[in-house]
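Q: Could you walk me through how to read a ligand site, step by step?

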Amino acid sequence: MTAMGKFVGRSWVDVASVTESELRYFLALSTTVKAAIKERRTAVYRLAGDRDLFAALLFSEPSTRTRNSFELAAQRLGLRTVGFAGTEATSVKKGESLLDTVDMFDSYGVDAVILRHPLDGAARAVAENLSGEERSVCCFNGGDGMNEHPTQGLLDVFTIGECCGRLHDLEIGIAVDPKYGRTTHSFPVLLGLFPDNRFHVFSHPDLRMPKAVIRHLADRGVEVREYFDSGEQLREKLPDLDFLYMTRLQRERFEDDAEYYRARDMYLFTPEMMELTRPHFGVGHPLPDNKEFPTISPALKRHPKFWPKRQAGNGVPTRLVEIALSLGLMGADFDGEVYHPAPVDLSFSQERPVDGEKPRPGPVDIRPIDNGTVIDHIEGNPYVIDKISRLLGLAARGTIFRMGVVAPLRRPGSRKGVVMIKDRLLDDEEMRLIATLAPGSTVNDIREGHVVRKRDLFLPGLVEGLPDMQCTNHRCITRHEHHEHVPARALRLGAGTDSRIVKCFYCNNLMESHEVL
Ligand code: CP
């Protein structure tokens with residue numbers, strides 16, 4: 001196999017960027033490599049030769065499977081490995097940031113960084129930090145907080161294909177913890193690339209699957225049904241399932257003990273439940289399971305429908321293929337589609353013709369102004385109006401302004417917010433701020449009592465660089481309290497100018513746009 005190909009330099013940070021043709025190619029190659037490893041046909045997979053390649057394994061959280069299967073995969077390819085398992089003996093303990101740590105391995109000339117980190121979005125931040133014009137180092141996300149575990153997702157899909165003999169028209173169950181279990185945020189999105197797959201998600205109501213995952217699946221036309229009542233619903237659905245993906249209840253993710261104990265008692269997959277399943281059914285688990293409170297009965301470990309050990313074993317061939325593709329050791333013949341992010345439109349305002357009208361705020365006790373700015377049609381949320389006042393520094397600058405919620409004459413019964421700022425026009429940065437806080441609002445420039453310019457505001461495709469901008473997810477790497485110095489960025493969800501929802505570029509958290517400020 002020759003070097004170069006469309007995969008060269010590819011980082012594996014999320015699953016949204018994996019295309020169907022990439023996935024099909026990857027799965028076929030993984031099948032070949034798995035058989036070759038079994039038969040020790042090293043010519044198929046020991047491909048690094050004398051290229052002197054290094055992988056850095058930077059694991060800040062405990063791991064058995066991900067770290068060791070990546071290390072085995074790298075070594076089987078002929079790479080050498082460096083790094084750490086736990087931060088105890090590293091300068092992270094002296095307060096070093098993640099990006100500074102990663103920069104060191106970049107400066108040593110490693111070719112791949114394989115990462116596990118407790119903060120959501122850490123892998124995306126590292127991948128960005130490692131991509132440059134002169135040299136790009138591939139980043140492999142081995143799990144970032146409760147966000148994603150894409151390389152586990154790839155091995156899960158490979159395993160489901162082996163178990164079920166197909167990757168379409170499947171009834172897939174997911175049980176126990178789809179909220180904190182990052183693996184359940186990854187493999188469904190990949191399976192959603194194939195037709196007619198349906199997901200049945202069983203969990204305690206406090207542990208429901210994140211909205212961002214459900215929304216992503218809906219965008220791919222994938223049906224997700226959620227069941228919250230009790231473990232009984234899982235038992236009822238079992239005869240219809242092709243594969244059941246159990247997860248561990250992650251005690252370390254719970255801030256509230258009571259929430260943990262309530263959720264713990266809902267699900268245990270027993271031998272008697274196995275009797276209810278289809279002939280080609282499989283139960284899987286990313287592992288580890290908890291030995292004190294297992295989610296799959298240990299009595300099933302030797303059952304032919306018990307897949308977790310084979311699933312974990314698939315980590316070596318699949319991760320070997322990922323590294324090999326990214327380093328140009330495989331994949332020269334791949335000619336399929338690769339992911340191209342949609343271009344980001346940064347515009348946020350549209351001019352509207354003006355007819356010299358006078359501003360008509362309706363039956364309201366804020367008097368119109370003669371000169372300045374009227375921000376109109378702010379969706380009726382006093383909290384947003386207060387934020388506009390604070391972020392424009394209206395009171396602090398001594399600016400004369402009036403604000404309030406009014407009943408528009410043209411839409412009786414509805415409410416809208418209005419802010420009037422005397423003797424001051426807004427600059428572009430201030431307009432971008434208002435577009436983020438109040439998409440759908442209108443900014444009127446007023447001169448001598450008449451509207452001389454009118455602009456409708458909408459969310460820009462990318463929101464970044466605004467003062468004090470924060471992701472609302474407290475585990476996100478961009479949060480100031482983590483001191484990782486990764487500025488917050490958020491992408492508009494949906495192409496339409498009516499969107500008010502943004503997604504954190506790093507951790508995928510969905511927010512109302514005004515919440516980022
Ligand atoms: N499945 C998985 O991520 O296992 P580890 O935590 O042991 O790596």
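Q: Which atom of threonine 64 lies 2.8 Å from an oxygen atom of the ligand?
A: Start with the idea of a polar contact: a pair of N or O atoms within 3.5 Å (within protein, one must be able to donate a hydrogen and the other to accept it, and residues adjacent in sequence count only if both atoms are side-chain atoms). Here, a backbone N or O atom of threonine 64 sits 2.8 Å from a ligand oxygen. For arginine 65, a backbone N or O atom is 2.9 Å from an oxygen atom of the ligand. Serine 63 uses a polar side-chain atom instead, 2.6 Å from an oxygen atom of the ligand. Keep in mind that this is a predicted model, where local features need pLDDT of at least 70, side-chain atom pairs count only at pLDDT 80 or more, and totals for chains, interfaces and linings use all residues. Residues are numbered from 1 along each chain as its sequence is written, and side-chain values use heavy atoms, with hydrogens and water left out.

Q: Which residues surround the ligand?
A: A residue is near a molecule if one of its heavy atoms lies within 4 Å of it. The ligand's neighbours are Ser63, Thr64, Arg65, Thr66, Arg116, His149, Gln152, Pro286 and Leu287. That shell splits into 2 nonpolar, 5 polar and 2 charged residues, where Ala, Val, Leu, Ile, Met, Phe, Trp, Tyr, Cys and Pro count as nonpolar, Asp, Glu, Lys and Arg as charged, and the others, Gly among them, as polar.

Q: Why does the ligand lie between domain 1 and domain 2?
A: Domain bounds come from an automatic or database domain assignment. Domain 1 (4-149 + 316-326) and domain 2 (151-292) both give residues to the shell around the ligand, so the ligand lies between them. The chain also has domain 3 (349-457) and domain 4 (462-516). Taken over C-alpha atoms, the centres of domain 1 and domain 3 are 50 Å apart.
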